[in-house]
Amino acid sequence: MVRTATPPGEIGHRAPDFSLKGTDGKTWTRDDVRGDNGLVVAFICNHCPYVKAVIDRFVEDAAALQAKGVGVVAIMPNDWNVYPDDAPDRMVAFASGHRFTFPYLIDETQDVARAYGAVCTPDVFGYGRDLTLKYRGRIDSSGREPSGPDTRRELREAMSEVARDDTVPAGQQASIGCSIKWRS
């Protein structure tokens, strides 16, 4: 595991389109998953301890954002030949076990992760109504530690602001996680 921090996001950059197969067997596009008030694209995987630490909070925050008209999608970009815990069949179990309310997609070629500029898991991108980047940051302030009573739900706060006002939230903090496992 290599700990990686995300670079600052290119605020205003448009969300690249994609067409990826989900754990549900359907093929999903960016426009299929977007909401009326925005879109969250989260690059995650099953094996990363940073993802494992925040996944249940992310699922809870995703449901809250979906209720505000923000679409949510998770994309698994890793080479599962090297990390078999990230294989598609294990993705199905991971999504089911954590009760995902959003599609979990397989980026087999890793082209989508490259198009977005994803570097780690979790790496989260939040887009406004016009699909321009408004937020690139962490899910919350706990990192891979257990959350406490003072844990800020940064993604939820930021994307609630985007859903309400379609503005760029201030004070964005980089996400930290495991480096993406690129195919050689």
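1. How many helices and strands does the secondary structure of the protein come to? There are five helices and 10 strands. Both are DSSP runs numbered from the N terminus, with at least four residues (H or I) for a helix and at least two (E) for a strand.

2. Some ground rules. This is a predicted model, in which local features need pLDDT of at least 70 and side-chain atom pairs pLDDT 80 or more, while totals for chains, interfaces and linings use all residues. Residues are numbered from 1 along each chain as its sequence is written, and side-chain values use heavy atoms, leaving out hydrogens and water.

3. Overall form. Along the principal axes, the C-alpha trace spans about 40 × 35 × 30 Å.

4. Burial and surface. Of the 184 residues, 53% count as buried. Buried means under 20% relative accessible area, exposed means over 50%, and partly exposed lies in between (1.4 Å probe, protein chains only). The protein exposes about 8200 Å². Carbon and sulfur atoms supply 48% of that area. Areas come from the Shrake-Rupley method with a 1.4 Å probe; for residues, only the protein chains shown count as cover.

5. Contacts. Take pairs at least 6 apart in sequence: 78% of their contacts join residues at least 24 apart. Contact means heavy atoms within 4.5 Å.

6. Helix H2. This helix covers residues 49-66, 18 residues in total. Its first and last C-alpha atoms are 25 Å apart, close to the expected 26 Å. The expected span is 1.5 Å times one less than the number of residues. H2 also bends by about 50° at Ile 55. The bend is the angle between axes fitted to the seven residues ending there and the seven starting there. Ile 55 is itself buried, and the buried residues of H2 also include Tyr 50, Val 54, Phe 58 and Leu 65.

7. Cysteines. A search of the whole structure finds zero disulfides (cysteine sulfur atoms within 2.5 Å). The closest cysteine sulfur to that of Cys 45 is in Cys 48, at 4.9 Å, so it is too far for a bond. Cys 45 is buried at 0% relative accessible area. Cys 48 is buried too, at 0%.

8. The loop between E9 (133-137) and H5 (154-165). Gly 143 sits here and is partly exposed at 33%. Beyond residues up to four places away in sequence, Gly 143 touches Ala 53, Val 54 and Arg 57. Val 54 and Arg 57 are among the buried residues of H2. Gly 148 lies in the E9-H5 loop as well, partly exposed at 35%.

9. Backbone checks. Most residues other than glycine have a negative phi, and most peptide bonds are trans. The bond from Thr 121 to Pro 122 is cis, with omega near 0°. Pro 122 lies in the loop between E7 (120-121) and E8 (123-127). Gln 110 has a positive phi, near 70°. Its place is the loop between E6 (104-106) and H4 (111-116), and Gln 110 is buried at 1%. Leu 131 also has a positive phi, near 65°. Leu 131 is in the E8-E9 loop and is buried at 0%.
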